[in-house]
Amino acid sequence: MDEPVDTHPGWRRVVLKFKGFLRPSGNIHEKRIRRRMASVDLLNRRLPFMKIALFFVGYLWMAIIPLPDLSRNTYIDENALQPAQVNTEWSWADVHVADQYLAQLEQIRDANYSSEQKAYWLSEEFGKHGLSSSTQSYSFSTSISTLNGTNSYAIISAPRHSGTEAIVISASWISRTGDGDGTLNLRGISTILALAGFLKRYSYWGKDIILVVSDGYLQGMQAWLGSYHGVSQPGLTAEPLKLSSGVIWTALNIDYPGHSFSHLGVFFEGLNGRLPNQDLINSLDRISRYTAGVPMVLYDHLDPRENISADQAPSWMPQSLYGIPEIKAFLFHARNTIRHLGYQVNGRGSGVHGLFHQFRIDAVTLFAVPATGPHGFHAIGKTIESTLRTMNNLLERLHASFFFYILTGPQHFLKIGLYLPSAILISVAIMFHGLSTWVDASWVQETGQKSNKAFLENHLPLDQGTKWTRRQRPVIGALCIMAATHLYGFFLFNLLSSSLFSSNYKSLSPLVFFIFSFIPLAALWIPRTTRADSAPIASILKACNLCFTSTIISVTTVINFALAASLAALLGIPLTVSSSSSSLPLKLLKYACYAFLSLGWLLLAQGEMMKSFWYWEILQVWFAPFVCIVYVPLVVQAGITCLLYTQNCVPSVGIQIYQ
């Protein structure tokens, strides 16, 4: 009998095939299961390639973040700001007043006034301008010392408003130059004193203006902000503020350490990776360039394409390669990006302004880059006045622009969607490997008479005669080891933050390194699993370790991208390749590598370690506890995986799960 001939036109046959795919005949549940089995099998076979591709793309993405083609120009989102749209009133007469205050401050410096004497003198000068002023004494008790100081502040009440909102203009006695190495910020304080009389003369202010001169570098402002917002912290004894105002919306910190300056730099990173609304930085950039005529830069980085003094090739790069404009632009953006991520990863912030961010106050530091000219009090005064007029226009908190960004240049930035996936891709690769290890641990290849019988009777190839059986996964044991390592990290943190260690950290650091490196070696005495139906604990520990690490990286990317990217870069491959060995010397060698990765900073970065603990005690920066309680245990868990007994796991691509 002849077969029926399909008389449908070509387009009709295509439509019928498509309908047959969407609505198959026969048992649709069986076909759905088969499709799912085929998809899982394809995923398992391609999983190694996918992991390598995710790692490669993630690390490559991190490397090209500074690429100029990825960034876009900055812009103002909040229409109410209207930056650089007013005629400024700051004049050379106000510059003369600032010069006079500078001469008096130099006399105070030479006379070696105490903190109390300086604060009372400042309070008197504020009072001469008809301002309400006061002082505040404070004391910080740390594990190695006690820090005492006295702040001075004054309030210019808004003549056209009830005073429910406020703007802060501040300056610290110590400049951020050298990260607070002792350079005095006399011209910054002179600017504050001159502004006190200047701002009082005008009645268009719709918000209170608070002028604060904080003692020290960071600790004085921390004490003042804590008292202003009614927040207490361990180790701080601060005098309550006699004067107060409304909710602080924005703040501008003045740092002017040199005689004159060529550029105005902006520092904007806050504590624990917080960032201000980008509209504040963008407004300051436009005001600096168009109102005061001063070029603005990020930090104190001069653009080599515009400044001959900064146009020098790195020592490791040939001059011919550096001469390419695209290479020069990439290096400039990379320098800004690396410094930005460096401030974010340790959570310390880049200046006094960073303390405001913990109270949801948008703040930046205006830094006068020291130079032989051509700018001075006149330019910085016009910039501050115009910035205050811009912030005075706000009807609500800054919210329209970005809070998550990377500034690669003063007028260029990356949005969150252009840098965050780099860490997420590595996190996904780690998660895939952890889940693959978890699946592999639940199956074992059956050997012996049954497999041989299937091979002999059915004349099947060996791989078709192989049989897989499920086995138990000792999750409780792995979780107990993980909990023990995090407890181990907690004890390490408490030891390093003790006064005994802080007073003798140079001599005790090597001892602590060796003691805490030897403690996990107790895992060598954990007995081998004797049950055939139970997976080795090393495989379960590695799977849980990888999944937990991936989760931490994914969560941290939004809170602090730089910290998450650092974790991904440092732990991605090392944790993935951790494995045990039958040779004891090889086990110990692998563990030694992980021990150094986890605790090596005790030997190589003792100064940075003590700074991190100081920032934790004084400013509540959680980088130190994060390293001790999260980072160190994660790496130690990988090291313990190398010490435990394990069995050869057959990759999951050959597992017949759905039989």
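Contact here means heavy atoms within 4.5 Å. In this predicted model, among contacts in the protein chain between residues at least 6 apart in sequence, 82% join residues at least 24 apart.

**The chain as a whole**

The secondary structure of the protein chain comes to 22 helices and 14 strands, and its C-alpha atoms, taken along the principal axes, fill a box of roughly 105 × 75 × 55 Å. Of the 659 residues in the chain, 51% are buried. The accessible surface comes to about 30,400 Å², and carbon and sulfur atoms account for 60% of that area. As for charge, the chain carries 50 positive and 41 negative side chains, with the centres of the two sets lying 12 Å apart.

The pairing of strand 1 with strand 12 (residues 412-415) is antiparallel and runs over two bridges; within it, Arg72 stands opposite Phe413 of strand 12. Strand 11 and strand 12 are likewise paired in the antiparallel sense, over four bridges, and they form a hairpin with two residues between them. Gly409 has His412 in strand 12 as its bridge partner.

| Residue | Element | Relative accessible area |
|---|---|---|
| Thr250 | strand 7 (residues 247-255) | 2% |
| Leu508 | helix 16 (residues 505-518) | 23% |
| Val632 | helix 22 (residues 623-643) | 0% |

Thr250, in strand 7, counts as buried because its relative accessible area of 2% falls under the cut-off of 20%. Leaving aside neighbours within four places in sequence, Thr250 is in contact with Ala166, Ile167 and Val168, with Ile361 and Asp362, and with Met391, Leu394 and Leu398.

Val632, in helix 22, is also buried, at 0% relative accessibility. When residues up to four places away in sequence are not counted, Val632 touches Tyr488, Leu492, Ser598, Leu599, Trp601 and Val627. Leu492 lies 140 residues from Val632 along the chain, and the C-alpha atoms of the two are separated by 9.5 Å.

Leu508, in helix 16, is partly exposed, because its relative accessible area of 23% lies between the cut-offs of 20% and 50%. With neighbours within four places in sequence left aside, Leu508 is in contact with Leu500 and Phe501. The C-alpha atoms of Leu508 and Leu496, twelve residues apart along the chain, are separated by 9.6 Å.

Definitions and conventions. Residues numbered from 1 in each chain as written. Predicted model: local features only at pLDDT ≥ 70, side-chain atom pairs only at ≥ 80, totals over all residues. Heavy atoms only, no water. Pairing = 2+ DSSP bridges. Buried < 20%, exposed > 50% of the residue type's maximum accessible area, 1.4 Å probe, protein only. Areas by Shrake-Rupley, 256 points an atom, 1.4 Å probe, with all protein chains shown as cover. Lys, Arg positive; Asp, Glu negative; His and termini not counted. Charge placed at Lys NZ, Arg CZ, Asp CG, Glu CD.
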